[in-house]
Amino acid sequence: MQRLKLIHHAPGAPGLRFLGLGPYFLPIQGLTKLQKLLEKHAFWATGRNYKNLRKLLAKSTIVITLWRGKRLIGFGRATSDGVYRAVLWDIVVAGDLQGQGLGRKVVEALLSSPSIKEVERIYLMTTNSDEFYKQLGFKNCNHQKLLIRSKS
Ligand SMILES: CC(C)(COP(=O)(O)OP(=O)(O)OC[C@H]1O[C@@H](n2cnc3c(N)ncnc32)[C@H](O)[C@@H]1OP(=O)(O)O)[C@@H](O)C(=O)NCCC(=O)NCCS
C-alpha cells in the first residue's frame with residue numbers, strides 16, 4: 001500500500017495553485033485533482049472552476065492536502081486572523097477512504113498550524129458532520145445564530 005503524505009501548504013498554497021504541486025513538490029495536476037475531489041465528495045462545493053479555486057486557495061491562511069501516492073484523498077482549509085477568529089472550510093475525504101481516521105488527520109493538521117492554534121475561537125459550519133467535529137473538541141453553539149446573505 002502506498003504511503004500517506006500530508007502537506008501543510010504555504011499560505012495561499014502557491015505551488016498547488018500555480019503549478020499543481022503535490023507530494024515532494026512534484027507537478028501532478030493538483031488543482032485538477034482538487035476540483036475532482038470536491039466535485040465528487042463535497043456536495044456544497046460542486047461546479048467550482050479552476051479560476052475560482054485558485055482565488056479560494058490564494059485567500060486561505062492554511063491549506064492542507066492529504067495524498068496516497070499521486071492520488072489526492074483529503075483536503076481542508078482555514079481562514080484565520082491568528083489571534084481572535086478562524087473558520088474551517090471545505091473539509092473532505094475521498095468517499096472510499098472515509099471512516100479510517102483521515103478526516104481527523106486533516107482537521108488536526110489545520111488546528112495545529114501556528115496561525116490557528118492560539119486563536120480564541122474557531123468556527124465551522126456543517127450540515128451533517130457535527131458528530132465528527134465533536135470528537136475534535138467542537139461544541140454546538142446554541143446562543144448564537146447563523147445568518148447568511150447569499151449572492152443568488
Ligand atoms: C466528514 C469527513 C471529513 C470525516 O472524515 P473521515 O475520514 O470519514 O472521519 P474519521 O475516520 O477521521 O473520523 C474520526 C472520528 O469521527 C467519527 N466520525 C466520522 N464521521 C462521523 C459522523 N458522520 N458521525 C459520527 N461520527 C463520525 C469516526 O467514527 C471517528 O471516531 P473514532 O476516532 O472514535 O474512531 C468525511 O466523512 C467526508 O469527507 N465527508 C463528506 C464531506 C463532508 O461532509 N465534509 C464535512 C463538511 S463540514
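Helices (H or I, at least four residues) and strands (E, at least two) are DSSP runs, numbered from the N terminus. With that in hand, I read along the sequence and wrote down the pattern β-α-α-α-β-β-β-α-β-α. That comes to five helices and five strands.

**Ground rules**

I noted that this is a predicted model, where local features need pLDDT of at least 70, side-chain atom pairs count only at pLDDT 80 or more, and totals for chains, interfaces and linings use all residues. Residues are numbered from 1 along each chain as its sequence is written, and side-chain values use heavy atoms, with hydrogens and water left out.

**The whole protein**

I looked up the overall size. The radius of gyration (taken over C-alpha atoms) is 15 Å. The globule rule (2.2 Å times the number of residues to the power 0.38) also gives 15 Å for 152 residues, so the protein is as compact as a globular protein of that length. Along the principal axes, the C-alpha atoms fill a box of roughly 45 × 35 × 30 Å.

Next I checked burial. Buried means under 20% relative accessible area, exposed means over 50%, and partly exposed is in between (1.4 Å probe, protein chains only). Buried residues make up 38% of the 152. The protein exposes about 9700 Å², and carbon and sulfur atoms supply 53% of that area; accessible areas come from the Shrake-Rupley method with a 1.4 Å probe, and for residues only the protein chains shown count as cover.

Then I turned to contacts, meaning heavy atoms within 4.5 Å. Of the contacts with a separation of 6 or more, 56% are between residues 24 or more positions apart.

I also looked at charge. Lys and Arg count as positive and Asp and Glu as negative, while His and the chain ends are not counted. Each charge is placed at NZ of Lys, CZ of Arg, CG of Asp or CD of Glu. The mean positions of the 25 positive and 9 negative charges are 9 Å apart.

Where does Thr 65 lie? I found Thr 65 in strand β2, residues 62-68. Thr 65 counts as buried because its relative accessibility is 1%.

I then looked for polar contacts (a pair of N or O atoms within 3.5 Å; within protein, one must be able to donate a hydrogen and the other to accept it, and residues adjacent in sequence count only if both atoms are side-chain atoms). The side chain of Thr 65 makes one with the side chain of Trp 67, at 2.8 Å. Another, at 2.7 Å, joins the side chains of His 9 and Thr 65.

His 9 sits in the loop between β1 (4-8) and α1 (14-19). At 15% relative accessibility, His 9 is buried too. Beyond four places in sequence, His 9 touches Leu 16, Leu 21, Val 63, Ile 64 and Thr 65. Counted that way, the contacts of Thr 65 include Lys 5, Leu 6, Leu 72 and Phe 75.

**Asp 90**

I moved on to strand β4 (residues 85-93), which holds Asp 90. Is Asp 90 buried or exposed? With a relative accessible area of 8%, Asp 90 is buried. Its side chain makes polar contacts with the side chains of Trp 44 at 2.7 Å and Arg 48 at 3.0 Å. Leaving out residues up to four places away, Asp 90 also touches Leu 56, Phe 75, Gly 76 and Arg 77. Phi of Asp 90 is near 55 degrees, a positive value in a residue other than glycine. I took one distance here: Asp 90 and Gln 100 are ten residues apart in sequence and 18 Å apart in space, C-alpha to C-alpha.

Lys 33 is part of helix α2, residues 30-41. Its relative accessibility is 24%, so Lys 33 counts as partly exposed. What does the side chain of Lys 33 reach at 2.8 Å? I found that it reaches the backbone oxygen of Lys 70. Among the residues in contact with Lys 33, past four places in sequence, are Ile 28, Trp 67 and Leu 72.

My last stop was Phe 25, in the loop between α1 and α2. Phe 25 is exposed, with a relative accessible area of 69%. Phi of Phe 25 is near 60 degrees, a positive value in a residue other than glycine.
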